[in-house]
Amino acid sequence: MTEAFDAVDVIVTKRDGGRLNDEQIDWVVDAYTRGAVADEQMSSLAMAILQRGMDRTEIMRWTKAMIATGERLDFSGLSRPTADKHSTGGVGDKITLPLAPLVAACGVAVPQLSGRGLGHTGGTLDKLESIPGWRASLSNEEMYAQLEEVGAVICAAGSGLAPADKKLYALRDVTGTVECIPLIASSIMSKKIAEGTGVLVLDVKVGSGAFMKDLDMARELAATLVDLGTDAGVVTSALLTDMSTPLGRGIGNGLEVTESIEVLAGGGPADVVELTVVLAREMLAGAGVTDVDPAEALRDGRAMDVWRRMIEAQGGDADAPMPVAPHTEEVRADSDGVITRMDALGVGVAAWRLGAGRARKEDPVQASAGVFLHKTIGETVRKGDLIMTLNTESPGRIGRAQVALAEACDGEGAVEIAARGAERGPVVMDRIGTAT
Ligand code: URA
């Protein structure tokens, strides 16, 4: 086959600060997916994009080209509107678990195609796989039927959606080209637009435990994501939310399922409940449902009913107790005072090293591993009080988790106790988009 362009010309155009035209973008994304552009050429182009950037029309076209490499789902035949949420990833971020059944309980269907964790941020599928029998892989037909009957489905994204992104994301991961707004935005939105949701709410995390460490970068990413969704006809909005402190108290797969069930039972930590309800309102409003209060659906058990049906529809035992870690280690306060820092990255890396996350895609994760926070930011402690419990199935991992906690924040440590101090800042820091 004669190729329409030469990959080197495309790389050089971007390397020298030029803009790529539509035909070049369509070709390079398609040719890379079919193997006609080599990994080393695409990694060079990704680095040029990271350094030179892309304008809005280039990002739009790149996203469309990635969508065109795969299938598109269509939920327009369902009897209710659809809304989805995507988080850019954080520590203790289990919000999808209570959120999907909550929004479904309020009358809007939630097709939530999720991924597995890599690095210190956990993956929704890994969390749900702590439930005995639960199955992540569904066919498109099973997914559609469950959306119609139960209203919510959380499952693995099939290999048919934006295959260009699968290949490119794996390449970026090993070539230092992940932290690039045009590439992150097109990666996320190609999958979400191909998924076919009518409404999309983005939870863009900001802080030490997030991709985006500072608010300005997070705002730029959020605005780019919202533009891409809106241009593709998806009602899109974004919340910028705090990820300097872990969300809730349980960080690790089974611990996060337990905490999600507490939220669905009308309890749970205040920050997890707040973010779940705010995101639910945003999704419902995008779908035009403004007369149902999601907080009420949490309190009266309607969301819990949908959760049970959603888990059982995928083979899970909704009554099974979560596995308990055979090895634990306590972390206690070394002075009296108030906790002024509970660093999300430090705690996330500790949970990961305990076995909650994976270093390579093919690694297994431990259902019971992770960190439980008995105390968190803004809470008073006395010397000797229990602050956190480290949980693992492999005792040899405890030492490295302790090192992660001690070395966090440039060696200052993940936890700081001071004589007086900070309240937790607001969970929702800003909102971008038109859906209200
Ligand atoms: N999540 C994605 O799906 N893609 C990125 O590039 C970053 C986060």
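Okay, so before anything else: what we have here is a predicted model.

Let's start with the sheet. It's an open one, four strands, and the order goes β6-β9-β11-β7, with antiparallel pairing. Which strands sit at the edges? Those are β6, residues 250–251, and β7, residues 327–332, and each of them pairs on one side only.

Now look at β9 and β11. β9 covers residues 370–373, β11 covers 386–392, and the two pair in the antiparallel sense over four bridges.

Helix α15, residues 344–356, lies across β6, β9 and β11, and it runs at about 135° to β9. Then there's α16, residues 398–407, lying across β7 and β11, at about 140° to β11.

Okay, over to the helix pair, α1 and α2. In general, you describe two packed helices by the angle between their axes and the distance between the axes. As for handedness, α1 passes α2 in a left-handed crossing.

And which residues make the contact? From α1 you've got A7, V10 and T13, and from α2 it's Q24, W27 and V28. Sorted by class, the contact of α1 with α2 has four nonpolar residues, two polar ones and no charged ones.

That's my tour, thanks.

Note on methods: Residues are numbered from 1 along each chain as its sequence is written. This is a predicted model: local features need pLDDT of at least 70, side-chain atom pairs count only at pLDDT 80 or more; totals for chains, interfaces and linings use all residues. Side-chain values use heavy atoms; hydrogens and water are left out. Two strands pair if DSSP finds at least two bridges between them. Contact means heavy atoms within 4.5 Å. Axes are lines fitted to C-alpha atoms, for helices over the stretch in contact, and angles run from 0 to 180 degrees between N-to-C directions. A crossing is left-handed if the near helix is turned anticlockwise from the far one by less than a right angle, and right-handed if clockwise. Ala, Val, Leu, Ile, Met, Phe, Trp, Tyr, Cys and Pro count as nonpolar, Asp, Glu, Lys and Arg as charged, and the others, Gly among them, as polar.
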